[in-house]
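Student: Please take one part of this model and go through it slowly. I would like to know where it sits and what lies around it.

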Amino acid sequence: MISLCGVLKYLHQEKSVIHRDLSPSNILIDRTFRVKLADFGLAKKITQSSSNLKAFVGTLNYTSPEVVENKP
């Protein structure tokens, strides 16, 4: 989990990207236990105008509560 959080922090802070389809099937672990994310088909670049991302995309069971409740 710590490695996954590090990957997400890197995506958000360094690359300004939101994955938007984070589910177990998109989390890969290699033989040396390095975490990698797959399936960036729904990813979105974070911009000033996208600060209000709340449209539903991805896998419903793994969607954030904010999106389910139609909140930013």
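Tutor: Helices (H or I, at least four residues) and strands (E, at least two) are DSSP runs, numbered from the N terminus. The model is predicted, so local features need pLDDT of at least 70 and side-chain atom pairs count only at pLDDT 80 or more, while totals for chains, interfaces and linings use all residues. Residues are numbered from 1 along each chain as its sequence is written, and side-chain values use heavy atoms, with hydrogens and water left out.

The part to look at is α1, residues 2-14. This helix has 13 residues and spans 17 Å from its first C-alpha to its last, close to the 18 Å expected at 1.5 Å a residue (1.5 Å times one less than the number of residues). Its buried residues are L4, L8 and L11; buried means under 20% relative accessible area, exposed over 50% and partly exposed in between, with a 1.4 Å probe and protein chains only. Seen down the axis of α1, these buried residues fall within an arc of 60°, so they line one face of the helix (the arc is taken from the directions between the helix axis and the C-beta atoms). On the other side of α1, I2, K9, Q13 and E14 are exposed.

Among the elements covering the buried residues of α1 are β1 (17-18), β2 (27-29) and β3 (35-37). L4, L8 and L11 also belong to the largest nonpolar core, together with V17 and L37. Such a core is a set of buried Ala, Val, Leu, Ile, Met, Phe, Trp, Tyr and Cys residues joined through side-chain atoms within 4.5 Å. Of its 5 residues, α1 gives 3, the most from any element. Setting aside neighbours within four places in sequence, L11 is in contact (heavy atoms within 4.5 Å) with S16, V17, L37 and F40.

S16 counts as partly exposed because its relative accessible area is 24%.

The next loop to look at, between β1 and β2, holds N26. N26 counts as buried because its relative accessibility is 7%. Not counting residues up to four places away in sequence, N26 touches H19, D21, K36, L37, A38 and D39. L37, listed here for N26, is also among the contacts of L11.
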